[in-house]
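I opened the notebook to look up the open spaces in this model and what sits in them. My entries follow the order in which I looked.

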Amino acid sequence: MHSRRVGVIVSGSLVGGLEMKLDEWYSVEDIRAGKFVVIEGEKSRFFCMVTDVRLDTTNPQVLADPPDEEEDLMRQVLHGTTTYGTVCLRPLLMTDKDDAPTAQANEPHLVKTIPIHFSVVCEAEEEDVNRIFGSEEYGARYFHIGRPLDMETPICIDLEGFIERSNGVFGKTGTGKTFLTRLVLAGLIHKDRAVNLIFDMHSEYGWQATQESGSGRRGFVKGLKQLFGSKVAIFTLDPESARRRGVQSDFAVKIPYNQIMVEDIAALADELNLHPTAVESSYLIVNRHGRDWLSVLLHQDPKDIKDFADEIGAHPESISALHRKLKRLEKFDFLQEKVVEDAVYKIMEYIDKGVHIVLEFGQQSSFLCYMLVANILTRRIHDLYVQKSERYLASGRPQDKPKQLIITIEEAHKFLNPMAARQTIFGTIAREMRKYFVSLLIIDQRPSSIDDEIMSQVGTRITSLLSDEKDIAAVLTGVSNASWLRSVLASLDSKQQALLMGHAVPMPVVIRTRDYDGVFYSAMGHVEGEELAQKAHANIADLFGDR
Ligand SMILES: Nc1ncnc2c1ncn2[C@@H]1O[C@H](COP(=O)(O)OP(=O)(O)OP(=O)(O)O)[C@@H](O)[C@H]1O
Ligand SMILES: [Mg+2]
């Protein structure tokens, strides 16, 4: 039997949720939206989330004439009898009551009924949490991501369920998206569930990242490379910046102009302020010059533009605009006429060996650069994955099975807004689910800007505080009967709290995010003082034989 009683069920419905009268010894102020409680029904137990709290009275007269501040005794007399708290609950899962709590047969299932009148409501216990969310002790598929609002028992996500789809981490700025993402990535790496490719716009995942402390001071936390050594490789677009920050990168990414396609430029139309006709005329250059189109264009002298336009049959104005705007690309050092080593093959080589890749942007952290590079690399990696998957489908041999790849992108709406989602490779990946063993982990503070169809494909949503109604509605896209979750989302703390819902958890739940600290590092197998990072280079070189 449960130790701490919270109240009794007094009314409710399957569709609208339940109402509980709060016990008089329980303070309304201790009940928070998102709290996890259990109802002991007659035949079943119901696992519920608190969605709302309200003050009620049996006698409206009292409200017309409230007791004075000094009338403490009067307040106490009224409290719990005439005045009381009502708590709204949303039952989310139920189990049959008779079975032993550990019996496999008694799996929690969806709620199809409601408990009888005056069923007792209790605080959830460790056993309940483990039973629903699993426990790291049950196997490597479970990863401890946080704790319930007012309990110390870990809440786990099911990594198997997680990698089955594309997933998202949402929340306002500063709510802990990057920390949560780093946590989840560490879980995936530690438990070896998928290979990750992370487009690390602000260089926060690979090597150390800054952590703001309460007093405004800054500390540092370890990046994935520091935690996992040779399991993680750092690729960089800005070797200078890496060197300055003392990061030993494994590979400097260079991209030849002839890998940039018109589609990549079209995806940057907003950033480059390009008119659709300018994009159209790029195709005319491609018709004449093929893969060298961009080099040819950039090499034109402005005064020869008119002749060039005539030659390819384009409008001089639009070629001139295109020329002027694409000139901006020339300032990126990583774009070169010819490169010695193809970054995409390099990435694939690492992925095939199960090494996770963090691509740091260093000082090149403009949207323009981020989107350009993420698009080019992902498009080609996806092509290679499609080939690999088809080979596997044809042969059926286990050794041909591609490793599940998860691509992490920040500011995902830039890639997945309704316009871009139709054009960019990221839209394709999100829509085709994991047919080709590639899925996305998208991070965004403006989920309302992401295409609806894409949002509804996002399997697991980890959402921190959002205040904009549109953003709240967006993360609830495709969740039926979700209005009650709005109040829960809007009442999260501004840091380190999140609502989990979707494939990786059997029911929506609010967590306090696990601390990303020394305790976590050790749980990930990191040994303080052991210079993993130094060894990491040697180890990665070993993996590839000669280097
Ligand atoms: N799990 C955690 N463990 C420790 N500290 C955390 C955790 N989550 C959040 N924080 C604190 O909150 C701060 C902000 O977190 P984070 O950088 O992840 O926010 P964000 O949502 O990614 O913000 P932005 O939108 O600006 O990128 C961190 O610097 C850190 O101090
Ligand atoms: Mg961030």
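**Entry 1: the model**

I noted at the start that this is a predicted model. I kept that in mind throughout.

**Entry 2: the largest pocket**

I looked up the volume of the largest pocket and found about 940 Å³. I then turned to its lining, which has 39 residues. Nearest the centre of this pocket I found Thr178, Phe179, Glu204, Thr210 and Glu212.

Which element gives the most to this lining? I found that helix H5 does, with 6 residues. H5 runs over 177-190. Other elements that each supply at least two lining residues include strand E12 (209-212), strand E13 (218-221), helix H7 (239-244) and strand E20 (438-444).

I also sorted the lining by class. I counted 18 polar, 13 charged and 8 nonpolar residues.

**Entry 3: ligand 1**

Where does ligand 1 sit? I found that the space it takes is the largest pocket.

I listed the residues around ligand 1 and got 17. Thr173, Gly174, Lys177, Thr178 and Glu212 come nearest. Thr178 and Glu212 were already in my notes, among the residues nearest the centre of the largest pocket.

H5 came up again here. It gives the most to the shell around ligand 1, with 3 residues. H5 and E12 each supply at least two residues of this shell. By class, I sorted the shell into 9 polar, 6 charged and 2 nonpolar residues.

**Entry 4: polar contacts and cover**

I checked the polar contacts of ligand 1 next. A backbone N or O atom of Gly174 lies 2.8 Å from an oxygen atom of the ligand. For Gly176, a polar backbone atom is 3.1 Å from a ligand oxygen atom. Gln496 uses its side chain: a polar atom there lies 3.4 Å from a nitrogen atom of ligand 1.

I then looked up the cover. Ligand 1 exposes 640 Å² when taken alone, and the protein buries 88% of that.

**Entry 5: the second largest pocket**

I moved on to the second largest pocket, with a volume of about 680 Å³. I found 26 residues lining it. Closest to its centre are Leu92, Leu110, Val479, Ser480 and Pro508.

Strand E5 (83-96), strand E21 (458-463), helix H21 (483-490) and strand E22 (497-502) each give two or more residues to this lining. The largest share comes from E5, with 4 residues.

How do the residues of this lining divide by class? I noted 15 nonpolar, 8 polar and 3 charged.

How values were computed. Residues are numbered from 1 along each chain as its sequence is written. Chains are lettered from A and ligands numbered from 1 in the order in which they are written. This is a predicted model: local features need pLDDT of at least 70, side-chain atom pairs count only at pLDDT 80 or more; totals for chains, interfaces and linings use all residues. Side-chain values use heavy atoms; hydrogens and water are left out. On a 1 Å grid over the protein atoms alone, a cavity is a set of points where a 1.4 Å probe fits but cannot get out, and a pocket is an open set with protein on both sides within 12 Å along at least five of seven lines; lining residues have an atom within 4 Å of a point. Grid points are joined across faces, edges and corners, and a volume is the space filled by probe spheres set on the points. Ala, Val, Leu, Ile, Met, Phe, Trp, Tyr, Cys and Pro count as nonpolar, Asp, Glu, Lys and Arg as charged, and the others, Gly among them, as polar. A residue is near a molecule or strand if one of its heavy atoms lies within 4 Å of it. A polar contact is a pair of N or O atoms within 3.5 Å; within protein, one must be able to donate a hydrogen and the other to accept it, and residues adjacent in sequence count only if both atoms are side-chain atoms. Accessible areas come from the Shrake-Rupley method with a 1.4 Å probe; for residues, only the protein chains shown count as cover. A molecule sits in a cavity or pocket if more than half of its atoms lie within 2 Å of its grid points.
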